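Subject: Structure handover

Hi,

Here is the structure we talked about. My notes follow below it.

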Amino acid sequence: MSRTFRPIGRASLALALCFATLPLIARGAEDDSPSTITPELIAQLRVVTQVAAAPDGEQIAYVLAVPRDLKQEKDGPAWTELHLVDRDGRSRPYVSGEVNVSQVAWTPDGSGISFLAKRGSDEHPSLYVIPVDGGEARRVLTHKEAIASYSWSPDGDRVAFLASESMADDQKKLQDQGFNQRVFEEEWRPVRVLIATIGDDADDPKPLELDGSASELSWSPDGAHLAVALAPTPGVDDGFMKRKVHVVDAESGEVVRAFDNPGKLGPVRWSPEGTRLALISAADLNDPSPGRVLVASIDDGELTELAPGHEGQFEDLTWLDETTLLALSSEGVQTTLRKLSVDDPSQSEVVVEGPVILNALHHPHGSETIALVGETPRHPAEVYRMAPSASEPERVTHHNTVLDDLKFADQEVITYTARDGLELEGILIHPLEREEGARSPLILYVHGGPEAHDRNGWLTSYAQPGQLAASRGFAVFYPNYRGSTGRGVAFSKLGQADAAGKEFDDLVDAIDHFDQSGLIDPEKVGITGGSYGGYASAWGATYYSDRFAAAVMFVGISDKIAKSGTTDIPEEEYLVHARKRPWDDWEFFLDRSPIHHVTKAQTPILILHGEEDPRVHPAQSLELYRYLKLVDQAPVRLILYPGEGHGNRRAASRYDYNLRMIRWMEHYLQGEGGAPPPLQVEYEVLKDASDS
C-alpha cells in the first residue's frame with residue numbers, strides 16, 4: 001500500500017488521534033520483537049526537524065521526517081510531514097503521507113499553519129495554508145521559480161519570499177531543445193526578495209532591487225522593514241563566508257541599515273518592538289563557526305557582543321522582551337539555555353542545563369510557550385515545551401516507542417589528556433555485554449567539519465555506529481578533538497593550518513587512554529567518519545595504519561592538493577581550515593594527504609562516496625582506492641552511491657551504508673579478517689516475515 005498526500009480535516013481528527021498513539025513498529029509475538037537496536041530499526045526511526053509554537057502558545061506545529069518503507073515504497077529521501085501537538089501531549093498529523101513539507105510557520109492571526117510543498121500541479125514548491133480547526137490545505141502563493149523561504153507580514157496580508165531569478169525565456173527554450181551545457185560558476189541566478197499580496201485579487205509579486213543573493217529573510221514587527229542577509233553570489237562559498245545582514249524598507253526596497261557582521265552567519269531575530277536585531281555570527285573571518293550573539297540598534301547599526309568570551313557555541317536564540325534574549329548554547333558535550341541582557345552585555349544566566357540535548361527553539365512574542373527540539377541518549381529528536389519562567393523542558397511527543405523496550409548500552413562522558421597536556425572530552429558507549437576484565441574492540445567515530453562536535457544525546461544513525469555496534473560487543477567513542485566547536489573560539493581554531501596534525505594525534509591518544517584503563521583491545525581498533533571524519537579514517541588507514549585494524553571512510557579527503565581545487569568551498573577551506581593556499585606550501589599539502597602515505601597502509605579500508613558530491617569530489621575516494629589497489633598491501637573496497645551528494649539521503653543507500661559499515665567492522669575486528677566480506681549484503685528489511 002502506498003502512502004499518499006493526506007491533509008487531515010474535521011472528520012478525520014478523531015481517527016488521527018487514535019493512530020497517533022500507535023507505536024512506530026507493530027509488535028507480534030514476544031519472541032519476534034528485537035531486544036536491541038538493529039539496522040532495520042535505524043532505517044525506520046522518525047525524527048522531529050522543526051517546531052513552531054502557536055501565537056497563543058496552546059499548540060505546537062512541527063515537521064516529522066518519516067523514512068520510506070523500502071518494502072512498499074519507491075526509494076527516496078524521507079517524507080517530511082506536518083503534525084500538531086497540544087498542551088496535553090495529544091499529537092495528530094495534519095499533512096502526512098507522500099509529502100515533503102518545510103518552512104512551517106503560523107499565520108499571524110493563529111488560525112492556520114503555513115508551509116512550503118510541491119503538490120498537485122505544482123512545478124515548484126509553493127506556499128500553502130491549512131486551517132487549524134480542520135479542512136484542506138489551500139495554496140496561497142505560487143511562483144515560476146521555487147519558493148525557498150518566506151516571512152509573513154504582521155497583518156497577514158503580505159508575504160515576503162525568496163526565489164531564484166528566473167531564466168530568460170529564450171534560454172529556457174534552448175535548454176528544452178537540448179542545449180543544456182553549463183558555463184561553470186558564470187550562470188548563477190541570484191536569489192531575489194519578492195513581496196506578494198495574499199488574496200484573490202493579488203497582483204504579481206514585486207521584486208526588490210537588492211545587490212547580491214538573498215537569504216535569512218524576516219519581517220519586522222511593525223511591517224515596515226525586512227531583515228535580509230545578502231551575499232555577493234549564490235555560491236555556497238559566498239553563503240558561508242560573505243553574508244551580511246541588511247535592513248530593507250519593505251515598500252521602496254531601499255537598504256536603510258547594513259551591518260558589518262564578521263565571517264559566518266547564523267540565525268537573525270527581530271526584537272519584539274523592532275528596535276533591535278540579534279544575530280549569531282562568527283567572532284571574526286577566521287572563526288570556523290557562527291557562535292557569538294551580537295545585538296544592534298536599528299538606529300545606529302553598531303554591533304555589541306553579548307556574553308563575550310563565552311566558552312561554548314550559541315546556536316539558536318529568541319527574544320523574551322525588548323532587552324532580554326534566551327539563547328541555546330552547546331557547551332562541550334551538553335547544551336544549556338541562557339538568558340542574555342542587552343543592558344548588561346556581560347550577563348549570562350543559565351536557565352536550563354541538561355540532561356536533554358536541545359537542538360532548536362521557537363518562541364512567539366507574548367506567548368507562554370517555548371517550543372524546542374530535544375534528544376537524549378535513549379531517543380532521537382522529539383518536541384519539547386516549556387514556559388518562559390520554567391527551568392526544565394517537558395517532552396510532549398513520542399514517535400519511536402519501539403525504543404522503549406530495547407536494551408541500551410551505558411553512555412557516558414569521558415575526559416582524557418592529549419600527549420601535549422590538553423584536556424579533551426568525548427562520549428563513550430560501552431559494550432552492551434562485556435565479561436568482567438575482558439577487553440573489547442573499539443570503534444572510533446570521528447565527526448566531520450572539523451567545526452562540529454558530538455554531544456551526549458542520540459548517537460546512532462545510518463553512519464554513526466552507536467548503540468548498534470555496542471549491542472554487538474563494541475565500545476564506541478566519539479572524540480571532540482581539538483578544532484571541534486562547543487568550547488569557544490580559541491579551541492575551535494587549534495587545528496587550523498595543521499590538518500592531520502595534533503588534532504588526529506588526539507584520536508590516537510584516546511585509544512591509549514582506553515588501553516591503559518583496560519577497556520579495549522588495542523589490536524582491535526576501527527575508525528570511521530564522514531567528510532573530515534572520512535579524512536581521519538583515511539589518515540588512520542595510511543599514516544597511522546599501525547594503530548587501526550579496520551577503517552570505513554565516508555565522503556572523505558585523501559588528496560589535500562586536489563581537494564582545494566575541486567571543492568565548492570575553496571575560500572572557506574582557506575580562511576577557517578588551511579589558512580594558506582597549496583602554492584604557498586606544496587610539500588605541506590602533499591605530506592598531509594593520505595595518498596602520500598599509501599605505502600604504509602596495512603589497514604583494511606572500506607571507502608564509500610556519493611557520486612554527486614560537490615563538497616568532497618568523489619575523485620578523492622577513487623584516487624585513494626586506486627593507489628591502495630596498486631600498492632596491494634591491505635584489502636580495500638570502494639562503494640559509490642549514484643545520485644547521492646555529501647552524505648546519503650535516500651533510504652536504500654542509507655540502509656546499505658549502515659549494513660556495510662557494521663559488517664566491515666565485525667569482519668576485521670571480531671571475525672576471521674583476511675579477504676573482504678562478500679560483495680553482496682542481505683537486505684532483511686525487504687524480506688517477508690515468512691522468509692525468516
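How many positive and how many negative side chains does the protein have? There are 65 positive and 108 negative ones, and the centres of the two sets lie 3 Å apart. Lys and Arg count as positive, Asp and Glu as negative, with His and the chain ends left out. Each charge is placed at NZ of Lys, CZ of Arg, CG of Asp or CD of Glu.

Please note that this is a predicted model: local features need pLDDT of at least 70, side-chain atom pairs count only at pLDDT 80 or more, and totals for chains, interfaces and linings use all residues. Residues are numbered from 1 along each chain as its sequence is written, and side-chain values use heavy atoms, without hydrogens and water.

Six of its six residues are buried, so β33 is largely enclosed by the rest of the structure. Ala 475, Phe 477 and Pro 479 are buried on one side. Val 476, Tyr 478 and Asn 480 are buried on the other.

Its pairings (at least two DSSP bridges between strands):
- β31 (residues 423-429) pairs with β33 in the antiparallel sense over five bridges. Ile 429 has Val 476 as bridge partner.
- β32 (residues 440-445) pairs with β33 in the parallel sense over three bridges. Leu 444 has Phe 477 as bridge partner.

Best wishes

How values were computed. Buried < 20%, exposed > 50% of the residue type's maximum accessible area, 1.4 Å probe, protein only. Helix = DSSP H or I, 4+ residues; strand = E, 2+ residues; numbered from the N terminus.
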